[in-house]
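Student: I have a model open and some questions about it. Can we go through them briefly?

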Amino acid sequence: PLDWSVPLDIRQADPDQQLVFGWASVIEKNGVLIIDKQGDAIEPAELEKAAYDFVLYSREHGDMHERTGVGQMVESVVFTIEKQQALGIDLGQVGWFVGFKVTDDAFWKRIKAGDLPEFSIGGSAIREAM
């Protein structure tokens, strides 16, 4: 198995409610699969499956892949091409957009200070040739 992470910018933080939103993963831009920092690409169906499993079995926000329980997921959508067409939108990319309610005050202070400007998903996979 291969461990991987893809960092992406946080797009919005609501300081009054301790909510943070952004792209957990962008896997395709303008119809081209993105190669991540580990040299891997994620197919849209695989990202959807991983996102659904996360929502079903975890929903916990983590701190730098070291500890969990600093927040809970409040929003999750994998914007596939098909979903974008159904919504009448074109984002020019395929990816997983998430939102979390941060419940750990020290962690929230780090987000507000700009010390944690991006999301990073973690997981494991079996590498396959494309």
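Tutor: Start with Leu 56, which sits in helix 1 (residues 44–57). Helices (H or I, at least four residues) and strands (E, at least two) are DSSP runs, numbered from the N terminus. This is a predicted model: local features need pLDDT of at least 70, side-chain atom pairs count only at pLDDT 80 or more, and totals for chains, interfaces and linings use all residues. Residues are numbered from 1 along each chain as its sequence is written, and side-chain values use heavy atoms, without hydrogens and water.

Student: Is Leu 56 buried or exposed?

Tutor: Buried means under 20% relative accessible area, exposed over 50%, partly exposed in between (1.4 Å probe, protein chains only). Leu 56 has a relative accessible area of 57%, so Leu 56 is exposed.

Student: How does Ala 41 count?

Tutor: Ala 41 lies in the loop between strand 4 (32–33) and helix 1. Its relative accessibility is 22%, so Ala 41 counts as partly exposed.

Student: How far apart in space are Ala 41 and Glu 28, C-alpha to C-alpha?

Tutor: In sequence, 13 residues separate Ala 41 and Glu 28. In space, C-alpha to C-alpha, the distance is 8.9 Å.

Student: Which residues of the largest nonpolar core touch the most other members?

Tutor: A nonpolar core is a set of buried Ala, Val, Leu, Ile, Met, Phe, Trp, Tyr and Cys residues joined through side-chain atoms within 4.5 Å. The largest has 17 residues. Those touching the most other members are Val 20, Leu 47, Trp 96, Val 98, Val 102 and Ile 111.

Student: Which element supplies the largest share of this core?

Tutor: At least two residues each come from strand 3 (19–29), helix 1, strand 6 (67–79), strand 7 (93–102) and helix 3 (105–112). The largest share is five residues, from strand 7.
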